[in-house]
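Please view the sequence and structure first.

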Amino acid sequence: VATPSVAAASAPAAIPSPESTPWIFPIDPPEPLLGSDDEYLVLVNAPYHRDSLNSVLQQVIEVAVMDPEVSIRFATLHALTSTALLDPFLAQDECLHSLFCCLHDEQYVHREMALSIIARLVTRNPSVTLPRLRREFLQMLTILEHGVESSRSVDECAQMVSHLIVTAPTAIESYVPHLLKIILSRLDSSSPTLTATLLQVLTSLADVNVSELQESQDKMLPLVLDTLHDQSSSFKRQKAFRALARIIFSGGNVVKPYEQYPNLMPMLLKTLHGSSKEDLGVRTEVMKVIGVIGALDPVKYKKVLLKQQQLRDSENAARKGGSGGNPFKVEVKFNVQPDEFYSTVSLNAMLDIIYDDTLKVHHKHAMTCIVATIKALGLAKAVHFIPHVLPPLLKSIRGATEPTLVIYLVQKLKDLVAVLKQHLRVYLTEMMELVRQLWNPHEAGVIAQLVSLVEVMRVAFNEEFKAFLPWLVPRLVAVAHDER
């Protein structure tokens, strides 16, 4: 027979009631853990238990921040992400400070889990979380705007921005216009991964912030439609179709896209009837787009196609009938010095060659003559030729497709900048935009010439050039790192 003490020890301990123990009260979790329906008890008023739990949590979060083992850090953050029971204690300043340190972990998945926890704590301690979260978001925007396209940090930063939009939309609401501006400027990136991630950001914005997207739809839709023509990446096309559906759905512009972009319906039908198995996800998104846009009146659509065909025919007729000509023809003056007169005549002849597409084979030599003429005239006499010479040179560089020709023309542009210097400052923005378009880390020869051009421009323009340093410096650092 068991003694009373043994029986009491063997009997299961009864759960105290809230009336008998006011320092314990039940809290329903957001969802049952491991399928259990037991009532969850949280200690909140007993100083000993509260201090002990705070101390243990701080040590747990320190493990998530400082442990050298990746698996241990992952397990710790995953445990904190899977339950919201400890949120009242995680919202304390000490724990929040350590959680924000996790946003700089070397593993992206750890940063994403830490961001999920912090976003969940915004409503519990907004005075601490919101300023720090906005500071981190501004840093993400800086990396997203000025980072190198091929860098993994830019892709991961875009993914973090998309995750933050979904988890804490109120924290970044005031920065949405600036974010849209950055996305639209980088949506034509040469990196398929970055483009797909930016499209995912647009999809997230369409889900949580409708008003800002409605104001920018006219700018977004053409860029999104351009990405649909890229056949090199099915993943990017799938993200583009998904973003297109969400943007149209958020704006409520049913049927109108077919009228504004007549080529949209043929492209959707062509993609939908594809036969390759790897395009199954793309075709699924196409069906969603067709369902969102809705049905169009066939008679109205035929009128749209007829109008587009008439416009195309008129453009072709104008292109065939027009002479093209030289829009930057220099006026010939006869009461000037002989060297200036002959230079004007020769420049007009060379510009006529530049603007004649049938003489493309001679464009390189014509540009060589133009630059040589400007250098021979000198700064004083060549200034008034700038509006006639520089636009054709920039046009030729944009139209060049061979890397050797691009290198040669960029070198000629560098020679002009070295001669004319400050007199070209009105074209500084256009020249830097050209550098941005030509900057390709995989073309070493082109990069070398662009670096030389940038060096000459820095000396020539000095103060005006400083505005472009935030975009230029990260790319120069990346080039130096690759060379090393």
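The model is predicted. Helices H12 and H13 are roughly antiparallel to each other, whereas H7 and H9 are roughly parallel. One cavity of 30 Å³ or more is counted, and the second largest pocket holds about 450 Å³ of space.

**Helices H12 and H13**

- H12 spans residues 217-228 and H13 spans residues 234-251; their axes come within 9 Å and cross at roughly 155°.
- Angles over 145 degrees count as roughly antiparallel, so this description applies to H12 and H13.
- The crossing of H12 past H13 is left-handed.
- On the H12 side, the contact involves Gln-217, Met-220, Leu-221, Val-224, Leu-225, Thr-227 and Leu-228.
- These residues meet Lys-236, Arg-237, Ala-240, Phe-241, Leu-244, Ile-247, Ile-248, Ser-250 and Gly-251 of H13.
- The contact of H12 with H13 consists of 10 nonpolar, four polar and two charged residues.

**Helices H7 and H9**

- The axes of H7 (residues 126-146) and H9 (residues 176-186) cross at roughly 20° and come within 10 Å.
- Angles under 35 degrees count as roughly parallel, and H7 and H9 are therefore placed in that class.
- H7 and H9 form a left-handed crossing.
- H7 contributes Phe-137, Leu-141, Ile-143, Leu-144, Glu-145 and His-146 to the contact, while H9 contributes His-178, Leu-179, Ile-182 and Arg-186.
- Six nonpolar, two polar and two charged residues make up the contact of H7 with H9.

**The largest cavity**

- The largest cavity has about 30 Å³ of space.
- Its lining is formed by Gln-217, Leu-221, Asn-253, Lys-256, Pro-257 and Gln-260.
- H12 and H14 (256-260) each supply at least two residues of this lining, and the largest share, three residues, comes from H14.
- Gln-217 and Leu-221 line the cavity and also belong to the H12 contact with H13.

- The pocket is lined by 15 residues, of which Lys-360, His-363, Gly-399, Ala-400 and Leu-405 are the closest to its centre.
- Helices H19 (363-382), H20 (386-399) and H21 (403-420) each supply at least two lining residues.
- The pocket lining divides into five nonpolar, five polar and five charged residues.

Conventions:
Residues are numbered from 1 along each chain as its sequence is written. This is a predicted model: local features need pLDDT of at least 70, side-chain atom pairs count only at pLDDT 80 or more; totals for chains, interfaces and linings use all residues. Side-chain values use heavy atoms; hydrogens and water are left out. Axes are lines fitted to C-alpha atoms, for helices over the stretch in contact, and angles run from 0 to 180 degrees between N-to-C directions. Helices (H or I, at least four residues) and strands (E, at least two) are DSSP runs, numbered from the N terminus. Angles under 35 degrees count as roughly parallel, over 145 as roughly antiparallel, 65 to 115 as roughly perpendicular and the rest as oblique. A crossing is left-handed if the near helix is turned anticlockwise from the far one by less than a right angle, and right-handed if clockwise. Contact means heavy atoms within 4.5 Å. Ala, Val, Leu, Ile, Met, Phe, Trp, Tyr, Cys and Pro count as nonpolar, Asp, Glu, Lys and Arg as charged, and the others, Gly among them, as polar. On a 1 Å grid over the protein atoms alone, a cavity is a set of points where a 1.4 Å probe fits but cannot get out, and a pocket is an open set with protein on both sides within 12 Å along at least five of seven lines; lining residues have an atom within 4 Å of a point. Grid points are joined across faces, edges and corners, and a volume is the space filled by probe spheres set on the points.
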